[in-house]
Structure formats: structure tokens, C-alpha cells
Amino acid sequence: MRLRTTLAVLSAGVVTASGVSALAAGESASAQEAITFDSARDDLSANADPAMVEALAEHLDTDRSTVLDRLATADVGSYLERTLPAELGDSYAGTWLDDSATTVMIATTDAAEADAIEGAGAEAVVVDHSLATLDTWKSDLDAAAAVEVSDDVHSWMVDAVDNEVSVTASTEEAAQDLIDRAGVPAEAVTVDVRQLDLEPLQDIRGGEAYLISGSRCSVGFSSTHPTHGDGFTTAGHCGSVGTPITGGTGSGGAFRDSTFPGRDVAWVEAGSGWEAAPVVYGWGQGDRQVTDGNEAPLGADVCRSGSTTQFQCGTIDGKNESVNYPQGTVSGLTRSSACAEPGDSGGAFISGTSAQGQTSGGQTGCPGPGPIWFSTVTEALSSAGATLTTSGGTEEGFTLSLDPSSVAIDPGSSESVTLDAETISGSAQDLTLSATGAPTGVSVSFESERITSDGSTKVSVDVASSVGEGTHSITVTGTGSTTATATLTLTVGDGGGEPGGTWEPYTPYSVGDTVTYGGSEYRCRIAHTSLPGWEPPNAGALWVEI
């Protein structure tokens, strides 16, 4: 284990912005039309929102031309991050932008792949660990934290830039306890010692306010649902399923999908008279058009709109991070340096014209360095089965589902489930499949790694004999011109015992509800929908023993 007191950022070789180009050969069948620096720069010069460019120029203390260079490089990085991993396979180890945000960096464990990476216009970095290995170690930390995690541990994530796993905690001892119980190699972990006071920011244009029983949150992104019609994404901690919108944007509507803790995503059906619009509110600085939901790479510039601190900008500093809020751990979050305060929760994060996600929480205060985390718009849309509203009309969209969505497998055994894709808007897409979240000793494979968005395939899960009992969440992702996910709940053995009782996963609980589990009785402290791993003895933020 290495110890540090600030987050380090690797600065690798420099390639001029004009030298960044897109993958020229070997593209997967699901790749969209190639994006080059020149094509992205020309498009931004003609179509970039002047107010967005001005806001970023002010934040970065630079000129318009430099901002356009940075945004164009981020577009290329986003394209390569979607297309190149399928070509590199198991050697792929991450994508990010350099400190100046004018060079795309791509890591691989195979030095022989460097020429292909540089041929795609990026700078190659040869590292020790693949992204799949880092994701597995991060999943091991998630599993250990589901059993027990100290309040002094704030978050943990894959740090692709430094090719390691990073744990942020108030004390080295608290971090080391989690690392030891997870079994992550000490040399693969850095501990960032800092004191953080984390909280979810609790208290149709993205960023505008809506009210829930006297509390205020902010709108994420306009979207449409095949059953509920127009609505918007937001943060799960703002309301549970059925919570009515009592004022502001979407008034008369209600939460139709919500998860918190575990994840922090929700989708709200807007009331009568509200129409989805592909816009993020600019708070007097010009509204921002939303053209797509492409995920920006590490190091990209990002801005946030919220009903308390309005429009704030920063950079993307981490992905797939697990954050230990007082109410429970939330996984799959993206770290940013954009500041936020209570009431900004759920508000829109946007990079250029690409929707990124919904404000979750963090170290509050504006101005300030954060960190502030957001949940991804892809996860919110996938969870609800909704489709992003863009300036080109409704974005092409699809959903993924698993049958069954949960399996129990004994150590040394394997099982398979069926993955089904369904196109819900636009044309069918060619998809590349991947899986993350499997702990050490568990492998996930696909009968076919490429299907259409109206296709299906078998997903096999193999559990080594060395894997201990427990429950884990595995995320299956389909990537085409858009992205969707599905979650497989894996129980190894009997999950650590059959305690019995009235508590059940995937069940909505309200404050004051009582359940039994393992011979004890518990009272609900925070309204939530239960998930595997949130059993009352393991989720003290949600339940109190009585």
C-alpha cells in the first residue's frame, strides 16, 4: 500500500491537439461514424453554445480557441473509449485526457498494442494491470464494505491514470482494515488521507428546481418513458417511488423509479402540461443544448446546473467510485471538481453538449474544490427504461434485461442466464457486451460478445471453489451508439447463511417499518428499496435493532 495526502495525476507524453485522430482501422461492427479531432473541432466551431464556451473559458482562465481544442479532444476521447476497448480486449486498461486536456491517453498491459493505440491518434501508456483486474479489486472492496465499513472511509475507486485502486479515508488505519478484508494486493492500492464531511445534496430544463414535501432538488435531463411519457432523471436520494412532485418543474408528477443507497438514480414522471426539452438551464448565461449522452473521458471539462449554486464548472477526476455516505454506500459514481451545495442534488452535469449525469453529493461549498460526485445519465435511463431527449429528437435507445436477474451458485459451480436487448426508440444498434463487478474468482462470459439491440445471448457465470459465500452485483453493459446496463445479483453459496425473517430484497420500506432478520427485530430509519447486501445487520444507516 502506498500513502499520499493529495490525489496525484499522471502527466504522460504530449501530442498536439491537431494530431489527435480517430481509429482508422479494425473498428468493431458497433462503432459509430469515426470522430476525428478536425471533424469535432469544425462541428464545435460552428455549433458550440457560445455561453457554454464562455463559461468554460472563464472557469479555465483561457480563450475560446483553447476551450474548443479541449472539447474536441474530449469528443475524440469519448469515441475511442467506446470503440477501442473491444479491439484491445483483455489488455485494455483505461482512457483519460492529459493535464492540458489536449491529448488522449490510452493504457494497455500489452506493449505490442502501443502501435495500434498511437495509430488511432492517442498516446499509449503501458501498465501492469488491466482495467478488468482493477474493476475486480474494486468489486472486492465493495463486497467487504457491504459487510462492514468504518465511517472514516469516505470512498474507493479505480484510478486508471495511476493504474491502481484508490481509497480515500480520514485515517490510514480505517482504509487498511477495508483493504485487508477485501484481499486487494497492497502494492495495487494508494490511500488518500483527508478529512471529508460527505452528504447527499438533498434539500423541463436540466438544473431547475422541483419540490418534494418541502424539500428542494434539481432536474437532471429530460427524457421519455414508453409508459409514463415525458419526465426527467434526478438523484435517488431526493425521493422514493411514488413520492409526489409538489412544486416547481414537473409539478403534479411523481417518482416512478428510484434507488438509494447502493445507487443514486431516479426518474420522475412530469405532471400534465410539462414537455421534455433537450436543454440544460444556463441561469442567465444561455441554455445548453443536449445532443447526446456520450460519456466524457477522465480529465474532460464538465459543468453542472443546479437550483442553489446555478452553473459551476470543473473536470472529471474519477469514475466508478463507491462513496460511503452516512445513509449507506453508493457505487458507480463519477468524481468531479465542480462545486455544489444542498438543493443542487439531481441537477445536470454536461460536458460540451453531452449529458453526463445527476448531482449526487460530496464535500459541499461554493466556491470550493469538492469533490462532488454524480451518477451517470446512462444508469438512470437504463434503470427506468427511459430515453434521453436530444436536440436531434429522441436519442436512439434500447434496454437490457436478464432472465433470471438473480442466481445462487455454489463455489466450484457455474450457471447461465439469458440477456435480452430491446430497441425502444430509433433504429436497432450493433452492441458490444461487457461485464463489471464480479469479485475475485468469479468470471463472466458471453456466448456472443456482439449482438443487436433486438437480440439475445447466454451469459455464463463461473464461480471458483475458492470464492467465499456472499452476495454481489454484476453490471452487464451493452455499448452501441448509446449505452444501457442490467444488473445480475449473484449469491455465492447461501450468501453467508440463511438467517430467516421477514426482511426481503427488492422491497420498498418506509420509515418506521419493522422486520425480523436472523432472530432480531429492526426498525427502518430511512425510506429505501432494499437490495442484496443491505440486510439489516449490514446496513446500520438504514435499520436500527429494537
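**Close-up 1. Disulfide of Cys339 and Cys366 in the predicted model.** The link of Cys339 and Cys366 is right-handed, with 110° about the S-S bond. The sulfur atoms of Cys339 and Cys366 are 2.1 Å apart; a disulfide is taken here as a pair of cysteine sulfur atoms within 2.5 Å. Cys339 lies in the loop between β20 (328-336) and β21, and Cys366 in the loop between β22 (354-363) and β23, so the pair ties together parts that are 27 residues apart in sequence. Strands (E, at least two residues) are DSSP runs, numbered from the N terminus. Cys339 is buried at a relative accessible area of 5%, whereas Cys366, at 23%, is partly exposed. Buried stands for under 20% relative accessible area, exposed for over 50% and partly exposed for values in between (1.4 Å probe, protein chains only). This is a predicted model, in which local features need pLDDT of at least 70 and side-chain atom pairs count only at pLDDT 80 or more, while totals for chains, interfaces and linings use all residues. Residues are numbered from 1 along each chain as its sequence is written, and side-chain values use heavy atoms, with hydrogens and water left out.

**Close-up 2. Disulfide of Cys303 and Cys313.** The S to S distance between Cys303 and Cys313 is 2.1 Å, and their link is right-handed, with 95° about the S-S bond.

**Close-up 3. Disulfide of Cys217 and Cys238.** Cys217 and Cys238 are joined with an S to S distance of 2.1 Å. The torsion about their S-S bond is about -95°, so this disulfide is left-handed. Cys217 sits in strand β10 (residues 215-218) and Cys238 in the loop between β12 and β13 (247-248), so the pair ties together parts that are 21 residues apart in sequence. Both Cys217 and Cys238 are buried. The structure holds 3 disulfides; with bonded cysteines counted along the chain, their pattern is 1-2, 3-4, 5-6.

**Close-up 4. Aromatic pair of Tyr210 and Phe232.** Rings of Phe, Tyr and Trp (its six-membered ring) pair if their centres lie within 6.5 Å; planes under 30 degrees apart count as stacked, over 60 as edge-to-face and the rest as tilted. The count by this rule is 6 aromatic pairs. Tyr210 and Phe232 form a tilted pair, 5.2 Å centre to centre with 50° between the planes. Tyr210 in strand β9 (residues 209-212) and Phe232 in strand β12 (residues 229-234) are 22 residues apart. Tyr210 is buried at 0% relative accessibility, and Phe232 is buried at 0%. Ring pairs link Tyr210, Phe232 and Phe255 into a cluster.

**Close-up 5. Aromatic pair of Phe349 and Phe374.** The ring centres of Phe349 and Phe374 are 4.3 Å apart and the planes are at 25°, so the pair is stacked. Phe349 lies in strand β21 (residues 348-351) and Phe374 in strand β23 (residues 372-376), so the pair ties together parts that are 25 residues apart in sequence. Phe349 is buried, with a relative accessible area of 0%, and Phe374 is buried, with 1%.

Methods. Helices (H or I, at least four residues) and strands (E, at least two) are DSSP runs, numbered from the N terminus.
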